[in-house]
Amino acid sequence: MAGRCHVILIGPQGSGKGTQAARSAPRLGLRHVATGDLFRHLMQRDDELAREVRWYYDRGALVPDEVVLRVLLQRLDELEEDADYRGALLDGYPRTRAQAEALDAVLRERNDCIAAVIHLAVPRPVLIERLGGRLICPQCGATYHRQFSPPAVDLRCDRCGTSLTQRSDDTPEAIARRLETYEQQTAPLLDYYRARGLLIEIDGARPIDAVTEALVEALQPLLADRP
Ligand code: ADP
Ligand code: ADP
Ligand code: ZN
């Protein structure tokens with residue numbers, strides 16, 4: 001069977017990965033797969049795994065690699081059941097060198113490929129401003145911002161009407177810790193993929209629509225000749 005082609009989105013917290021993935025994935029024929037969203041969904045359960053994930057999540061610390069991989073593979077297997085599935089837009093995975101190597105092994109096994117790796121670059125002061133005003137829908141996972149991307153009706157999700165909330169890890173302490181972890185563990189992956197000729201730089205410090213257009217324009221030609 002012909003393999004799938006996936007796209008990886010890398011950028012610091014607040015760079016707009018979730019926002020851009022949700023908007024561009026349907027236009028690119030990709031499915032948005034966000035490990036953070038998978039965890040927020042999983043944490044609504046009341047079992048051992050949910051408690052373990054929450055321990056890391058609320059501290060703004062990375063969940064152990066083997067747990068993330070297990071949750072990710074489960075989602076990819078579910079998607080394989082869907083006849084329309086042609087590839088994933090990975091948002092939030094990989095974040096460590098070990099995760100990148102694990103992903104390479106998994107993709108090799110499935111005869112899948114990485115079409116491109118996008119780096120969404122945004123300066124730190126802009127990230128802090130964005131994360132401080134971020135709101136999410138606890139029901140469907142949609143992302144909003146108090147000033148930059150407000151819902152149409154007072155703090156309710158445009159898609160499903162649920163009251164928006166702040167994420168439990170969008171506190172100043174957890175934000176600082178996550179940005180630090182990004183610099184130390186995730187940013188080095190840019191060289192890992194650049195060396196393989198897969199990296200595409202996108203300026204993420206522009207208005208939401210402009211970034212989406214740049215992303216779609218960069219990726220469409222690469223995905224056009226998929227099986
Ligand atoms: P952010 O980009 O703000 O960190 P995410 O929604 O992508 O937000 O992730 C939220 C949390 O989920 C992370 O702080 C971490 O605890 C966990 N997480 C998500 N993806 C990964 C991953 N690839 N490896 C380890 N932990 C992860
Ligand atoms: P990430 O998934 O990379 O952590 P998000 O997509 O959650 O980032 O975006 C972080 C916050 O910034 C959200 O509140 C979102 O509405 C807002 N945001 C995203 N992209 C932009 C942009 N280009 N300009 C202004 N605000 C943005
Ligand atoms: Zn919603």
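Modeller: In this predicted model, a helix axis is a line fitted to C-alpha atoms over the stretch in contact, and angles run from 0 to 180 degrees between N-to-C directions. On that basis, the axes of helix H6 (residues 124–132) and helix H7 (residues 172–186) come within 11 Å and cross at roughly 140°.

Colleague: Why are H6 and H7 called oblique to each other?

Modeller: Roughly antiparallel requires an angle over 145 degrees, and roughly perpendicular covers 65 to 115. The crossing angle is roughly 140°, and H6 and H7 are therefore oblique. Their crossing is right-handed.

Colleague: Which residues make the contact?

Modeller: Helix H6 contributes Arg124, Leu127, Ile128 and Leu131, while H7 contributes Ile175, Ala176 and Leu179. By class, six of these residues are nonpolar, none is polar and one is charged.

Colleague: What makes the buried residues of H6 line one face of the helix?

Modeller: The buried residues of H6 are Leu127, Arg130 and Leu131. Viewed down the axis of H6, they fall within an arc of 95°, so they line one face. In an α-helix there are 3.6 residues a turn, so residues three or four places apart point the same way. The cover over the buried residues of H6 includes strand S5 (134–136), strand S6 (143–145) and H7.

Colleague: Why does Gln13 count as buried?

Modeller: Buried means under 20% relative accessible area; Gln13 has 11% relative accessibility and therefore counts as buried. Gln13 lies in the loop between strand S1 (5–10) and helix H1 (17–28). Beyond its neighbours within four places in sequence, Gln13 is in contact with Arg95, Leu127, Leu131, Arg178, Leu179 and Tyr182.

Definitions and conventions. Residues numbered from 1 in each chain as written. Chains lettered and ligands numbered in written order. Predicted model: local features only at pLDDT ≥ 70, side-chain atom pairs only at ≥ 80, totals over all residues. Heavy atoms only, no water. Helix = DSSP H or I, 4+ residues; strand = E, 2+ residues; numbered from the N terminus. Parallel < 35°, antiparallel > 145°, perpendicular 65-115°, else oblique. Left-handed = near helix turned anticlockwise from the far one by under 90°. Contact = heavy atoms within 4.5 Å. Nonpolar A, V, L, I, M, F, W, Y, C, P; charged D, E, K, R; others polar. Buried < 20%, exposed > 50% of the residue type's maximum accessible area, 1.4 Å probe, protein only. Arc of directions from axis to C-beta.
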